[in-house]
Amino acid sequence: MTEEQMYQEMLEKAKQRGVYPNKNAKKIAAFRVRAGLPITKCPCDPNSDRGCISKRCYMEIIDNGICHCRCFTKEDTNV
């Protein structure tokens, strides 16, 4: 998978959940590809139950306005 494909997958997941990527999303997508991490694993804590917009991350976004990795937000901060 390319960095752009990973980024597009992350964008699609964000759209499905009604959250927004922030300026870190492209960097995190690139890291995921280089590290061989699937979208279901958290790049900051791959041994946890976190993953891009998993139930746990989604709740962090709703409760805190941003996820653990600082990748997705509740508000569109890129406007």
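Reader: Which polar atom lies 2.9 Å from the backbone oxygen of Asp 45?
Author: That is a polar atom of the Ser 48 side chain. A polar contact here is a pair of N or O atoms within 3.5 Å; within protein, one must be able to donate a hydrogen and the other to accept it, and residues adjacent in sequence count only if both atoms are side-chain atoms. Keep in mind that this is a predicted model, where local features need pLDDT of at least 70 and side-chain atom pairs count only at pLDDT 80 or more, while totals for chains, interfaces and linings use all residues. Residues are numbered from 1 along each chain as its sequence is written, and side-chain values use heavy atoms, with hydrogens and water left out.

Reader: What lies 3.0 Å from a polar atom of the Ser 48 side chain?
Author: The backbone nitrogen of Arg 50 does.

Reader: Where is Ser 48 found, and is it buried or exposed?
Author: Ser 48 sits in the loop between α2 (25–35) and α3 (55–64). Helices are DSSP runs of H or I with at least four residues, strands are runs of E with at least two, and both are numbered from the N terminus. Ser 48 has a relative accessible area of 17%, so it counts as buried. The cut-offs are under 20% for buried, over 50% for exposed and partly exposed in between, with a 1.4 Å probe and protein chains only.

Reader: Which residues does Ser 48 touch, leaving out those up to four places away in sequence?
Author: Cys 42 and Arg 56. Contact means heavy atoms within 4.5 Å.

Reader: Switching topic: which residues of α1 are buried?
Author: Met 6, Tyr 7, Met 10 and Ala 14 are. They line one face of the helix, because they fall within an arc of 100° seen down the axis of α1. That arc is taken from the directions from the helix axis to the C-beta atoms.

Reader: What do those buried residues pack against?
Author: Their partners are β1 (20–21), α2 and β2 (72–73). On the face turned away from the buried side, α1 carries the exposed residues Lys 15 and Gln 16.

Reader: And what comes just after α1?
Author: Gly 18, with a positive phi of about 75°.

Reader: Zooming out, how many helices and strands are there?
Author: Three helices and two strands, running α-β-α-α-β from the N terminus on. Of the protein's 79 residues, 38% count as buried.
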